[in-house]
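Q: Could you walk me through how some of the helices pack here?

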Amino acid sequence: MRYKEIKQDIESPMEHSWGGLKELVGLYFSKPRPVEQDLFWLKVTQYKEIKAIPKILGLLGDQFPQIDREVDRRIYEGLAYELADEVKHYRLLADIMEGMTGERVIADKCPTSPEQSNLEELRKTLRDDLNLAPHLNVAHETVFASVMKNVTGGPLEKKVAGAYKHIYSDELKHYRMGWKELQASNLDSEQIERIKQANKRVARQYLVMRNELFGQPLSKERLQEIDAGKIQSYRPL
């Protein structure tokens with residue numbers, strides 16, 4: 001199977017959930033909402049960015065002795081850039097929230113949420129399958145950022161869109177790195193199927209998590225319709 005066919009095969013099952021993300025963001029920013037809701041999604045999204053930093057730092061330390069042995073120097077460089085990007089994404093969102101509240105944000109005080117915790121548990125359950133193509137896991141963040149960078153409205157929306165233009169650019173690099181890794185890995189059809197099914201489940205839970213952070217604009221019935229394909233598919237990648 002050629003590269004484009006593999007990419008289509010893996011991503012097609014996720015396109016309904018990605019379409020749901022686009023609908024969700026459109027619904028949320030199309031009408032007034034409590035400031036507490038904006039603060040909630042910002043706080044948890046900051047947690048999502050900051051929590052990756054200790055893991056990447058550990059990997060950089062563990063892999064350092066293996067550069068140009070088991071670890072390709074380009075892959076190591078990409079991991080270092082990923083660390084810097086995660087810090088930048090956290091900083092961009094924290095700056096927005098501090099402007100809203102006038103209070104100092106503390107990184108390790110950023111909370112998680114029930115559905116974000118469920119997403120993390122799902123990823124742990126699917127770790128072996130997801131690790132066959134680890135950087136493809138950022139596809140959902142890339143899709144979300146691609147929608148958020150086009151948000152329009154008042155001062156907050158303009159700041160959000162400006163931040164996500166930077167975040168989208170960075171996530172797109174990570175996503176493309178994932179496909180380069182996959183191309184070089186020579187996985188067989190059974191492994192490709194495992195990647196496809198695992199990422200489909202993660203894409204669905206990612207949508208549920210974002211729906212929670214935005215105050216449930218998508219009803220349970222609407223989520224079921226999206227699962228059934230009653231949604232305009234979305235794939236900006």
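Q: How are helix 8 and helix 9 oriented to each other, parallel or antiparallel?
A: In this predicted model, helix 8 (residues 139-148) and helix 9 (residues 155-185) have axes that come within 8 Å and cross at roughly 150 degrees, and therefore the two count as roughly antiparallel, a label for angles over 145 degrees. Helices here are DSSP runs of H or I with at least four residues, numbered from the N terminus, and axes are lines fitted to C-alpha atoms over the stretch in contact, with angles from 0 to 180 degrees between N-to-C directions.

Q: And what residues make the contact?
A: Among them are Phe-144 and Met-148 of helix 8 and Tyr-164 and Leu-172 of helix 9, where contact means heavy atoms within 4.5 Å. The residues of this contact divide into 11 nonpolar, 2 polar and 2 charged; Ala, Val, Leu, Ile, Met, Phe, Trp, Tyr, Cys and Pro count as nonpolar, Asp, Glu, Lys and Arg as charged, and the others, Gly among them, as polar.

Q: Switching topic, where is Gln-46 found, and is it buried or exposed?
A: Gln-46 is found in helix 3 (residues 35-50) and is buried, with a relative accessible area of 0%, buried being under 20% with a 1.4 Å probe and protein chains only.

Q: What is Gln-46 in contact with?
A: Leaving aside neighbours within four places in sequence, Gln-46 is in contact with Tyr-90, Leu-93, Ala-94, Met-97, Val-105 and Cys-110.

Note on methods:
Residues numbered from 1 in each chain as written. Predicted model: local features only at pLDDT ≥ 70, side-chain atom pairs only at ≥ 80, totals over all residues. Heavy atoms only, no water. Buried < 20%, exposed > 50% of the residue type's maximum accessible area, 1.4 Å probe, protein only. Parallel < 35°, antiparallel > 145°, perpendicular 65-115°, else oblique.
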